[in-house]
Amino acid sequence: MPTLVRGGENPQNQQEQLVDEQVRSKTDNNSDGESNNTLHKSTSPIVTGNPIATPTIVNQNVPVVVFVGPPSSGKSMILVRLAKYLRSNGYTIQTDSTFLNTEGYQRDCEEFSDKLNTNIALRGSVKFLLVKVFNHGREVAKLLEAPGEDFYTTDPMKIEAGKNRRIESYLSTIMTSRNPKSYVVLLDLDSDVCFRNDSYHRESYSQRFLDYFYPNIDVRRDRIILLYNKIDATKFGTIHGCSDPNGAKDDAKMYYPQLFATMRVRSFGGFVTTDNFVFKTFCTGMFTKQTDDNGYEYQTYNVANDVYPRELWKEITRRW
Ligand SMILES: Nc1nc2c(ncn2[C@@H]2O[C@H](COP(=O)(O)OP(=O)(O)OP(=O)(O)O)[C@@H](O)[C@H]2O)c(=O)[nH]1
Ligand SMILES: [Mg+2]
């Protein structure tokens with residue numbers, strides 16, 4: 001029987017469970033009019049009647065892959081590309097409807113499943129969700145699809161409101177769960193915001209990761225993969241593969257010196273220091289802007305070489 005992990009109380013102790021039960025019985029007995037809670041009745045095991053819907057990881061043994069990166073850095077397209085690659089290699093992909101029991105979340109799951117089957121680039125319409133990967137009927141991983149602004153926002157209003165100084169509760173649930181994790185940390189250089197030309201955001205994003213995420217990573221259990229995405233937009237690679245991985249790494253190091261300098265471990269009595277991350281490059285595909293009959297702009301893409309998802313999946317699963 002899998003253990004439940006809930007947001008903010010991870011794992012939930014017995015006293016808290018008791019409070020939940022009391023709240024539930026009150027809610028169930030409350031018949032006067034509409035409730036403002038967003039839970040809806042379903043057969044899912046996480047429907048407890050708790051008036052605040054909290055993210056819950058039902059299976060704490062299965063590894064979770066967290067794609068970390070600012071808006072437009074390419075997280076969703078990497079997830080979709082990886083899912084397509086895995087599917088063509090016999091894996092099954094399914095959104096995890098048990099993670100959060102709200103109508104919005106369930107809707108996002110359905111919408112995301114549809115998008116996995118097209119070659120239309122995602123537009124970041126879903127909030128966050130977990131995608132389950134099965135191999136021969138056994139769940140082998142969960143992939144997190146999350147909006148970039150929860151990792152780092154460049155929006156002045158949201159910065160002012162403190163968004164870069166807090167961790168969303170669903171991310172805390174994941175980070176503090178017992179599930180082994182692979183953090184795929186995108187080195188944003190060539191997104192719309194173009195961190196290559198913006199040293200302020202580049203440094204703030206690095207610092208945000210080092211202050212808020214890195215300390216919560218169990219480096220003995222979890223993996224960190226620094227991913228130089230959109231390598232086709234650089235001289236180091238194309239949609240067919242990365243021709244100069246060392247050049248790409250040197251380039252990334254030049255732009256993200258804090259990450260490379262901080263994420264190191266000492267061994268042999270402090271005499272030897274080694275990286276506690278691996279460096280990889282990635283390219284999702286070739287993107288083409290299109291306009292439909294109503295003037296609505298969208299993008300289609302044709303997938304890049306399988307070498308990218310194959311290598312990434314190998315790194316993600318190396319310790320599992
Ligand atoms: N050249 C190139 N462009 C890419 C690649 N991957 C993604 N893009 C572009 O980057 C855009 C954003 O990608 P997304 O995957 O939606 O980015 P995201 O990190 O999920 O963004 P948010 O959901 O806003 O956080 C895409 O619409 C593409 O235009 C790539 O491998 N190469
Ligand atoms: Mg996205």
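**A helix pair in its setting**

Modeller: Among contacts in the protein chain between residues at least 6 apart in sequence, 69% join residues at least 24 apart, where a contact means that two C-beta atoms, placed from the backbone, lie within 7 Å. This is a predicted model, in which local features need pLDDT of at least 70 and side-chain atom pairs count only at pLDDT 80 or more, while totals for chains, interfaces and linings use all residues. Residues are numbered from 1 along each chain as its sequence is written, and chains are lettered from A and ligands numbered from 1 in the order in which they are written.

The protein chain has nine helices and 15 strands, taken as DSSP runs numbered from the N terminus (helices H or I, at least four residues; strands E, at least two). Turning to the pair, helix α2 (residues 75-88) and helix α9 (residues 307-316) have axes that come within 9 Å and cross at roughly 90 degrees; the axes are lines fitted to C-alpha atoms over the stretch in contact, with angles running from 0 to 180 degrees between N-to-C directions. The helices α2 and α9 are therefore roughly perpendicular to each other, a term for angles of 65 to 115 degrees. On the α2 side the contact is made by Arg-81, Leu-82, Tyr-85 and Leu-86, and on the α9 side by Pro-309, Arg-310, Leu-312 and Trp-313. By class, this contact has six nonpolar, no polar and two charged residues, with Ala, Val, Leu, Ile, Met, Phe, Trp, Tyr, Cys and Pro counted as nonpolar, Asp, Glu, Lys and Arg as charged, and the others, Gly among them, as polar.

Definitions and conventions. Angles under 35 degrees count as roughly parallel, over 145 as roughly antiparallel, 65 to 115 as roughly perpendicular and the rest as oblique.
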